[in-house]
Amino acid sequence: MTEQHNMAAPAHGASCDDTPLAAGTIAGAFDAAIAEAARFMGATAPNPPVGCALLDRQGQILAIAAHHQAGQAHAEQNALDLARSSGTFEKIHTAIVTLEPCNHFGQTPPCAKALLASPVKHVWIGAEDPNALARGGAKALRAAPNGINVRFAREEPAFAAQAARAIALSAPFSKVQREGKCFITVKQALDHVGSMRPPPGQKTFTSPSSLTLAHYVRRATDAIITGAGTILSDKPLFTVRHVPDHPMRRRILAICDRRGVIGPEIRDFYEQHGFETWVSHDLTELPAQLAKAGALWALIEGGPRLTTACESLNLWDEWLTIRTAPGREDEVHLRAPDASPTALLPPLFAPSTVAPASAP
């Protein structure tokens, strides 16, 4: 990919004469929109995190925004509102959206309709919407009489990385839509001999940077799954402390307890710390139960018994391993057969494009 090369001429019957922006400009804007959306992972369920960037004819980013919370404006509308408030609305030439704009009236109006009411000439989309009720925005934009050129990132080889990141961004939402189960990430910390047990008197043995990453993952998820043994031996808080949490966030804490050892005092303790506490007797049922409750993404934080069960049951979508070694930085490994939303979190993903951001 080279920035001096423009994309192919407008496709899908578009009649606009405006020259498409350079590939490097589009890629940078995609990454900026993905990073902005990733800031709100863990706050949007049951909706997906979505980002939108608006550019002028010269490729300057006019506005970048994300969907913040279910029931509130979507990313496209937030970006358009930012452009209006900054006086740049009439300069809009290209829109970059991480997920196909919705095409139905739900709690908010269709995003496709909002884009059609703007001066936009080109729309790049990161991933198709898997929601049968909401999809169709690309088709609606292509059918517009004002000749909007609509392309998906996967159609252009130069944007393969951006297409993969957009798919990863919406992977938890896509799994809920397609399978009725939430996305599962297993987090496992191992010392230099492969043990998960911290030294006596300590709660953890990983580095400050690894703790920061772990808390970014907690922040991005809607539920935490742990085992009764972990609760009884350590009574971990499971709260987000090393990074700012989303305001007023209440997650589900699902405790796997086949032996019936978790009493009401444990439930009360975690309820007082902001969790909706569940006690589960069947680990295999939790992904569907959590999805039904509106969770998109669950994080498994437990001991060897729980992680071994997840491995043997193939009950995971992504596996995060943090391994320590004396005298060296922690090693971070991500296994993800399909897509890795964790790879989009700081400090693992840091796009170079600097753009105006939406309000936190």
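Which residues does Leu344 touch, not counting those up to four places away in sequence? They are Ile34, Ala38, Met41, Arg165, Ala168, Leu169 and Phe349, where contact means heavy atoms within 4.5 Å. Before going on, note that this is a predicted model, in which local features need pLDDT of at least 70 and side-chain atom pairs count only at pLDDT 80 or more, while totals for chains, interfaces and linings use all residues. Residues are numbered from 1 along each chain as its sequence is written, and side-chain values use heavy atoms, leaving out hydrogens and water.

Back to Leu344: it sits in the segment after strand E12 (331–335) (strands are DSSP runs of E, at least two residues, and helices are runs of H or I, at least four, numbered from the N terminus). Leu344 is buried, at a relative accessible area of 4%; buried means under 20%, with a 1.4 Å probe and protein chains only.

The structure has 1 cavity of 30 Å³ or more. On a 1 Å grid over the protein atoms alone, a cavity is a set of points where a 1.4 Å probe fits but cannot get out, a pocket is an open set with protein on both sides within 12 Å along at least five of seven lines, and lining residues have an atom within 4 Å of a point. The largest cavity holds about 80 Å³, a volume being the space filled by probe spheres set on the points. Met41 and Leu169, both touched by Leu344, are among the residues that line this cavity, as are Asp222 and Trp297. Domain 1 (2–169) and domain 2 (181–337) both contribute lining residues, so the cavity lies between them; the domain bounds come from an automatic or database assignment.

The second largest pocket, at about 690 Å³, also lies between domain 1 and domain 2, because both give residues to its lining. Of its 35 lining residues, Phe40, Gly42, Ala43, His68 and His246 lie nearest the centre. Helix H1 (23–38), H7 and strand E8 (251–256) each give two or more residues, and H7 gives the most, with 3.

The largest pocket has about 1400 Å³ of space. It is lined by 45 residues, with Thr230, Asp234, Glu301, Gly302 and Gly303 closest to its centre. Here H8 is the element that gives the most, with 5 residues.

Methods: Buried means under 20% relative accessible area, exposed over 50%, partly exposed in between (1.4 Å probe, protein chains only).
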